[in-house]
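Me: Could you take me through the place where the two chains meet? I'd like a close look at just that part.

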There are 2 protein chains.
Amino acid sequence: MKTTIKELLSDYKKLIHHDITIQGWARAFRSNRFIALNDGSTIENLQIVVDFENIPEDILKNISVASSLKITGELVESQGAGQSIEIIAKKVEILGDNFTEERDKTILQPKRHTLEILREQAHLRMRTNLFSSVFRVRHAVSFAIHQFFNQNQFFYINTPIITGADAEGAGEMFGVTNFDLNNIPKNDDGEINYDEDFFGKKTNLTVSGQLSVETAMMGLGRVYTFGPTFRAENSNTTRHLAEFWMVEPEVAFNNLEANIDLAEDFLKYIITYVLENCKEDLKSLDERFAAEQKAKPEKDRAKEGLIEKLENVISKRFKRVSYTEAIDILMNSKENKKGKFKFPITEWGADLQSEHERFLVEKHFESPVVLFDYPKDIKAFYMRLNEDGKTVAAMDVLFPGIGEIIGGSQREERYQVLKDKMEIMGVDEEELWWYMDTRKFGSVPHAGFGLGLERLVLFVTGMSNIRDVIPFPRTPKNAEF
Amino acid sequence: MKTTIKELLSDYKKLIHHDITIQGWARAFRSNRFIALNDGSTIENLQIVVDFENIPEDILKNISVASSLKITGELVESQGAGQSIEIIAKKVEILGDNFTEERDKTILQPKRHTLEILREQAHLRMRTNLFSSVFRVRHAVSFAIHQFFNQNQFFYINTPIITGADAEGAGEMFGVTNFDLNNIPKNDDGEINYDEDFFGKKTNLTVSGQLSVETAMMGLGRVYTFGPTFRAENSNTTRHLAEFWMVEPEVAFNNLEANIDLAEDFLKYIITYVLENCKEDLKSLDERFAAEQKAKPEKDRAKEGLIEKLENVISKRFKRVSYTEAIDILMNSKENKKGKFKFPITEWGADLQSEHERFLVEKHFESPVVLFDYPKDIKAFYMRLNEDGKTVAAMDVLFPGIGEIIGGSQREERYQVLKDKMEIMGVDEEELWWYMDTRKFGSVPHAGFGLGLERLVLFVTGMSNIRDVIPFPRTPKNAEF
């Protein structure tokens, strides 16, 4: 494979005074002499020095921002500040079209653009410094996830995207169909005849791979699913996507405590990986974050810088607090007593809102917090009933600035307890006959959790709108590109 | 994390004569004395020796195939053949329910089952030796893919699953909708009012991430997408799925030759990785494959064993042959002249069928083959037109026993050539305005390819039905689980 600018910048000693050829895009062209060349491998540019006496004029005058270039020249140590090396161009070739007039109507023109405008041109924004950094970091996060699990003997299981089940209850589902919507086949009694649809039944896009991956756990022990999930909720916020990527590990023989240990190790592994492998991108994102904070009123500013925040998260043991303790803390807090919460905490059993989670993490403990043992009535049917008969072995990991980043539980492995719970909560046992089978034949204690990839990428990059950390966001009324 | 059986078997010296605790499922219980315990980490079982004098009778009589057990006992070197170590049980605990009567109606009962029956109980088949091996190998293949790309400075890009485009032309698409199908909103003129659907337009499930990932290539240089793709084709064969996983790299500045090099390196990397990391599973799959071949009439048997085939593929340089040469070879072959092909080759321009591909790979060259420079009329609009004006820079990698495993091309990066081609082929340029932009602003030569994950897993595991290498297959009239 060809040498990238990243490789060149990190290991150039042996090439000094040699001729090399390099390709990329011009990010800037100053004084008709200095080209900042970028090839996407790193946020750093390679400086190209062109001499108008050497390079034909018709080429020089066609070089502009976004031009694609192939440069051959001598690699030398740079005299100028800001770069270690540069190339004295001997030959410059323009590789392809660059319609500069049209370009100047896009975000590729050389000036600043708002994040909103960049979002509208999602197909071009990966060509900016900011978004190339965000997506290189997103890559590093994804790779770290696979590497963590592989090293810990987990097996990657692709759970189905199209599902016939709609009992999972995690949210509103999109329908998937092969019907001609102008001509939907009906039965004699006027009902839709799903027998004639592609799958011979009503199908939806998955909201979670958990129930499927639990069946794999029974055979392979440690498994995880990592794929797209979907919610058809009409939420137009900076935290919701209709299509997002979710990681869901599931581990045989783990109890709630082992599950919390796994979640903590997992998050710290990923953040450490990014700190070690994305130094230049994080430095740039850290500067952007600092500038953004500075523009805010002082009371709204983040207490920590981006990199500082990441380093703090990996250095501390997450604070583990039961739901019951958390309710005590919240109920007795000045904030609650003075009516500062939009949703005052008045009794045990209340569902926690984002404001409560952030109070615990950012004000009370000043640390990532793991809450556990929630009231059974506010949690899903598959969570394991504790001995007190009123809480379940659920856990949420709460992060500064972002709230819940992981939600999980030890699962109810006792067939009869699960069956009773489903009946009370109105979950259709017949539809989930295959899930019930996992509790019938050698059932084992097990636990797992879910992590929304984009939430974690938001946290790691310091971006604030979830639409800015996925290449092509899908939201209500928006499926462009 | 707890010690797995895989770890224990590979590193037990320091634990000999120590007491250890291990959990898993009974795969067999012989002579009321020997339990073969499996925890999914490896195909190998750990032998547990129980002494009816030590273990309460009510526990002993409840141990059967599929029981979940927690065993504490002394680790000793085994005297028996077939295992290096065993555990002399001091304590045996049954972890969860095992309804043996119901179990005996499932594939978990201790006898042989056909692949068809196993498929009908996909939620249980990962508990068999065969399918746990298949899915551990599938994991290794996926991980090797991510690792190969990460090591070579590619960035993982999640292209959208729900798409508003339907111009990609790779196949029939599934519709995605939030409409109540009993009450679809219509305009005054009786047409469906897609403005009122979730995304405000008609949307489908993606058939390929290529066009989207090309936009990312323009910013990040080397990228790949790896996610689920969908085809709503009514193909009930052993080679087709409605939902499958596809890997699509795209590389700036690569021409067709570099693209072929990448494909060859990539496939060899993955196969080498699996040979090195899945030894026990491959050994077992190799034996299954051999037994299957033996049951066939001699003329239909594979020439090579499974492992032998994998080793041969990585040891040879793939044979590179132009389409035009291939047509010559086929046209002049004995098979063609004697009318042995179902589709006789009579002229240049013919599309190659599976029988022709397999003739080239298995009979003529006895090697993986890369065909390139296909007639433009039988290939997609985005492939680069060669100087001859009649072929495009397309490539297919053909493997023994399986035919096409990779298809790719250098892309048409010249704006006007692409535009003309789209007009001739009837591809809607307006719908793909964002794709056209990649050719307007600093367009570069680039190339990429697509690999169907399940095809490769079929090849590596020696399985013959694609439904047996994905956990929960989606096919016409089937979206169970």
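Reply: Here is a walk through the interface of chain B and chain A.

Keep in mind that this is a predicted model, where local features need pLDDT of at least 70, side-chain atom pairs count only at pLDDT 80 or more, and totals for chains, interfaces and linings use all residues. Residues are numbered from 1 along each chain as its sequence is written, chains are lettered from A in the order in which they are written, and side-chain values use heavy atoms, with hydrogens and water left out.

Let's start with the overall picture. On chain B, 121 residues are in contact with 121 residues of chain A (contact means heavy atoms within 4.5 Å). Together the two chains bury about 10,100 Å², and 62% of that is on carbon and sulfur atoms; buried area is the accessible area (1.4 Å probe) that two parts lose on being put together, summed over both. Three residues, B:Phe198, B:Phe253 and B:Phe441, supply 8% of what chain B buries against chain A, more than any other three.

Now for the charges. There are four salt bridges between the chains, each a side-chain nitrogen of Lys or Arg within 4 Å of a carboxyl oxygen of Asp or Glu. One of them links B:Glu480 with A:Lys201, whose closest N and O atoms are 3.6 Å apart.

Finally, look at the strands (DSSP runs of E, at least two residues, numbered from the N terminus). Strand 8 of chain A (residues 175-177) runs antiparallel to strand 8 of chain B (residues 175-177), with three bridges joining them; strands pair if DSSP finds at least two bridges between them. Here A:Val176 sits opposite B:Val176.

Notes: Helices (H or I, at least four residues) and strands (E, at least two) are DSSP runs, numbered from the N terminus.
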